[in-house]
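Work through the exercises below with the sequence and the model open. Each task is followed by a worked solution.

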Amino acid sequence: MAKILLSFSFVFLFLVSHSSQDPVPNPNANPKSSPTPVHAELTNFGFPIGLLPNSVLSYTLNQTSGDFSVDLGDACKITLPPDNYLATYSKKVTGKIVKGRIAEIDGIRVWAFFKWWSITGIRSSGDNLVFEVGMVTAKYPTKNFDASPACEGRHSSS
Ligand SMILES: *[C@@H]1O[C@H](CO)[C@@H](O)[C@H](O)[C@H]1NC(C)=O
């Protein structure tokens with residue numbers, strides 16, 4: 001039980017830290033108005049563009065099954081202010097997307113409490129996003145993910 005509460009509070013903190021308030025735009029983020037095709041695809045499925053970094057090279061999506069694969073070119077690291085939670089995206093992020101729900105996610109992790117936690121699913125619920133870390137979920141306002149974050153510390157490519 002304590003472990004679950006701990007996990008929950010971590011997800012909550014992660015999400016809160018990701019939520020820099022509206023008046024302070026991230027200068028590295030893509031403006032909402034000019035998403036890339038993959039970000040537009042997120043929007044089509046009812047998700048905000050901020051779920052993916054702004055450095056997507058290519059992606060595939062099977063419109064029938066919802067299976068997708070996103071190629072970021074390299075692993076991507078994002079530090080989430082103000083508490084400096086570290087989130088990583090693998091070079092390749094895969095999963096299954098349908099309207100309002102992303103499942104079987106592989107490739108998105110967050111470092112907290114001395115271990116990596118995999119985000120396994122994301123659901124859209126009204127004005128909120130529900131993040132799933134295994135059995136634990138946390139809800140957070142969708143509007144906090146309106147901007148697509150930039151990757152940090154890229155060194156091996158470009
Ligand atoms: C897309 O998904 C459907 C249903 O799972 C499958 O039958 C089809 O072969 C897939 N198409 C491609 C190009 O993988």
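A disulfide is a pair of cysteine sulfur atoms within 2.5 Å. The model is predicted.

**Exercise 1.** Find the disulfide, give its handedness, and state which parts of the chain the bond joins.

Solution. 
- Step 1: Searching the whole structure gives 1 disulfide.
- Step 2: The sulfur atoms of Cys76 and Cys151 are 1.9 Å apart, and these residues form the disulfide.
- Step 3: The S-S torsion of Cys76 and Cys151 is about -105°, so the disulfide is left-handed.
- Step 4: Cys76 belongs to strand E3 (residues 76-80) and Cys151 to the segment after strand E9 (136-141), so the pair ties together parts 75 residues apart in sequence.
- Step 5: Cys76 and Cys151 are both buried.

**Exercise 2.** How many aromatic pairs are there, and how are the rings of Phe131 and Phe145 arranged?

Solution. 
- Step 1: Ring centres must lie within 6.5 Å to pair, and by this rule there are 3 aromatic pairs.
- Step 2: Phe131 is buried, as is Phe145.
- Step 3: Phe131, Tyr140 and Phe145 are linked into a cluster by ring pairs.

**Exercise 3.** Which rings do Arg109 and Lys115 lie over?

Solution. 
- Step 1: Arg109 is over the face of Trp116, 4.7 Å from the ring centre.
- Step 2: Lys115 has its charged end over the ring of Trp117, at 4.6 Å from the centre.

Key:
Residues numbered from 1 in each chain as written. Predicted model: local features only at pLDDT ≥ 70, side-chain atom pairs only at ≥ 80, totals over all residues. Heavy atoms only, no water. Helix = DSSP H or I, 4+ residues; strand = E, 2+ residues; numbered from the N terminus. Buried < 20%, exposed > 50% of the residue type's maximum accessible area, 1.4 Å probe, protein only. Phe/Tyr/Trp six-rings, centres within 6.5 Å; stacked < 30°, edge-to-face > 60°. Lys NZ or Arg CZ within 6 Å of the ring centre and 35° of its normal.
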